[in-house]
There are 2 protein chains.
Amino acid sequence: MPKLSDEAIQERMAIIEDAARELFIKHGFHATSMRDIARRAGVSLGNLYNYYATKDAIFESIIDRYLGVIDMELRAIFDEIDEPMEPASLRKLGSNVGRLVDDHSDFWLLMYIDVLEFQNQHFRKMFDGVSDRFRKIFGRRFRDAEKRGDLRVGVEPAPAFTAAYMQFFNYFLVEKLFGGNHHMGLTDEQALNHITKIFAYGTLSEASLARFKKTANKAAG
Amino acid sequence: MPKLSDEAIQERMAIIEDAARELFIKHGFHATSMRDIARRAGVSLGNLYNYYATKDAIFESIIDRYLGVIDMELRAIFDEIDEPMEPASLRKLGSNVGRLVDDHSDFWLLMYIDVLEFQNQHFRKMFDGVSDRFRKIFGRRFRDAEKRGDLRVGVEPAPAFTAAYMQFFNYFLVEKLFGGNHHMGLTDEQALNHITKIFAYGTLSEASLARFKKTANKAAG
DNA sequence: CAAATAAAAATGAACGTTCGTTTTTTTTCC
DNA sequence: GGAAAAAAAACGAACGTTCATTTTTATTTG
């Protein structure tokens, strides 16, 4: 048998990694055996080692792939934000974060595996200097908003935006993975509106609040 | 050898559970062996089974003990809150949550183990209906604040307080366990002040804001 | 256009260890 | 001496990994 095409190899690796990921997030890394992975992937035990040197290598390959996907999705989410401090933008960010957590809850479970069993070595970069990254992406918009006097005195846009972003993430992670089951006592929609409202009133100056009044009221539904 | 006194038994169990907890949070549950636990506790392998029927039983005993401790600490934190919606109260809550996360980071790692390897069965109650619990604790204060017109129109105190509480928790967990390393671009003190300020301005009416002006300005440092 | 070739891919038994747990033996102390 | 506690030894099952072998199939050959 001549060498498989690259696409064929990628296909087989995807099958193996899908199986492994499902097992890892269900039982953890060390509770999942190579035999389990082989069985679920419909592949022989020995053949796994034609594609991966070790069990660790499977985990790392899954994470590398997934980090790329999430990075792209986050980029897309930030790309569609024009004015980061506008209430409507925050509200949209919240929805998008919710979708991201929903669509990729596996990813966040892998992160917890990494924290527990690998000292968080693969995911460290996710949260390292989030605020600085936002400053890089929205720096100009932040400065413009400050110049226009859109912000309350003493409110720095980068930390404020970071706080809102983290709050949205935390809200949906608690709901999806930690059994929150409407832990804020509201539907997801209402919770998003409430958080958005708090951050709008909490960060925007009276002048700019007046300007966004209509939008804010609609969002607070 | 006569039967050990109850205190002696509790002492020995504490030694075993301390050892097991340290290993669990460092490597995860399944990556920790009974031999590891015995070695670290300075006890023979077989003797572990004089105290616990299974390895799972050790984990459950650790969690039961710890849930009690955390529950008490949380109760103490809420007990010292007079007016939950006051900026000074929120700021204090933030500090206390920070101390709780710092002093008991083991506990939160155990929670992640539970999510991953035990379907979150032991920790579910932690986040189930948080908002309702606050409504029970602070119900009267919440209603008083609403009656006095302290809150912005459309802001419900229970979800708002829950949001602040969750934000504080999330902030310190990210810092302590996920390699955030000042992810908001501020020191812990500054971050607490910033979050407090946002929630104060985000939830309080103009009238009550004026009343708290002095306190809020001091807190915003 | 088959049939033969060759080498990659897949297999599953087997390796030495380590696992959680049980059983047996030794130690301890009234 | 006797019973409880601790230690040691032993158990079968399961672990990650290896490897000799078989199967598969694109290419070469007649």
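The following legends describe close-up views of a predicted model.

**View 1. The two copies, chains A and B, and the axis that relates them.** Chain B is superposed on chain A by a rotation of 180 degrees with 0.0 Å of shift along its axis, at an RMSD of 0.1 Å. The two copies are thus related as by a two-fold rotation axis. Within chain B, B:Gly202 has the C-alpha nearest this axis, at 1.9 Å from it. Of the interface residues of chain B, 100% are also interface residues in chain A, so the copies meet through the same surface.

**View 2. The largest pocket, lined by residues of chain A.** The volume of this pocket is about 280 Å³. Its lining consists of A:Leu67, A:Ile70, A:Asp71, A:Leu74, A:Arg75, A:Phe78, A:Asp79, A:Lys125, A:Met126, A:Arg133 and A:Ile137. Two or more lining residues are given by each of α4 (55-79), α7 (124-127) and α8 (130-148) of chain A. The largest share, seven residues, comes from α4(A). By class, the lining holds six nonpolar, no polar and five charged residues.

**View 3. The second largest pocket, lined by residues of chain B.** This pocket has a volume of about 210 Å³. Among its lining residues are B:Asp71, B:Arg75, B:Phe78, B:Phe127, B:Phe134 and B:Tyr165. The elements that contribute two or more residues are α4 (55-79), α7 (124-127) and α8 (130-148) of chain B. From α4(B) comes the largest share of the lining, five residues. The lining divides into eight nonpolar, no polar and four charged residues.

**View 4. The ring pair of A:Phe134 and A:Phe161.** Over all chains, the structure contains 48 aromatic pairs. In the pair shown here, the ring centres of A:Phe134 and A:Phe161 are 4.8 Å apart and the planes stand at 80 degrees, so the pair is edge-to-face. A:Phe134 belongs to helix α8 of chain A and A:Phe161 to helix α9 (residues 157-177) of chain A; the pair, 27 residues apart, links distant parts of the chain. Both A:Phe134 and A:Phe161 are buried. The two residues also belong to a cluster linked by ring pairs, which includes A:Tyr66, A:Phe78, A:Trp108 and A:Tyr165.

**View 5. The ring pair of B:Phe78 and B:Phe134.** The centres of these rings lie 5.2 Å apart and their planes are at 90 degrees, so this pair is edge-to-face. Distant parts of the chain are linked here, with B:Phe78 in helix α4 of chain B and B:Phe134 in helix α8 of chain B, 56 residues apart. B:Phe78 is buried, with a relative accessible area of 10%, and B:Phe134 counts as buried at 2% relative accessibility. Both residues also line the second largest pocket.

Technical notes. Residues numbered from 1 in each chain as written. Chains lettered and ligands numbered in written order. Predicted model: local features only at pLDDT ≥ 70, side-chain atom pairs only at ≥ 80, totals over all residues. Heavy atoms only, no water. 1 Å grid on protein atoms, 1.4 Å probe; cavity = no way out; pocket = protein on both sides within 12 Å on 5 of 7 lines; lining within 4 Å. Points joined across faces, edges and corners; volume = space filled by probe spheres on them. Helix = DSSP H or I, 4+ residues; strand = E, 2+ residues; numbered from the N terminus. Nonpolar A, V, L, I, M, F, W, Y, C, P; charged D, E, K, R; others polar. Least-squares fit on C-alpha atoms with pLDDT ≥ 70 in both. Contact = heavy atoms within 4.5 Å. Phe/Tyr/Trp six-rings, centres within 6.5 Å; stacked < 30°, edge-to-face > 60°. Buried < 20%, exposed > 50% of the residue type's maximum accessible area, 1.4 Å probe, protein only.
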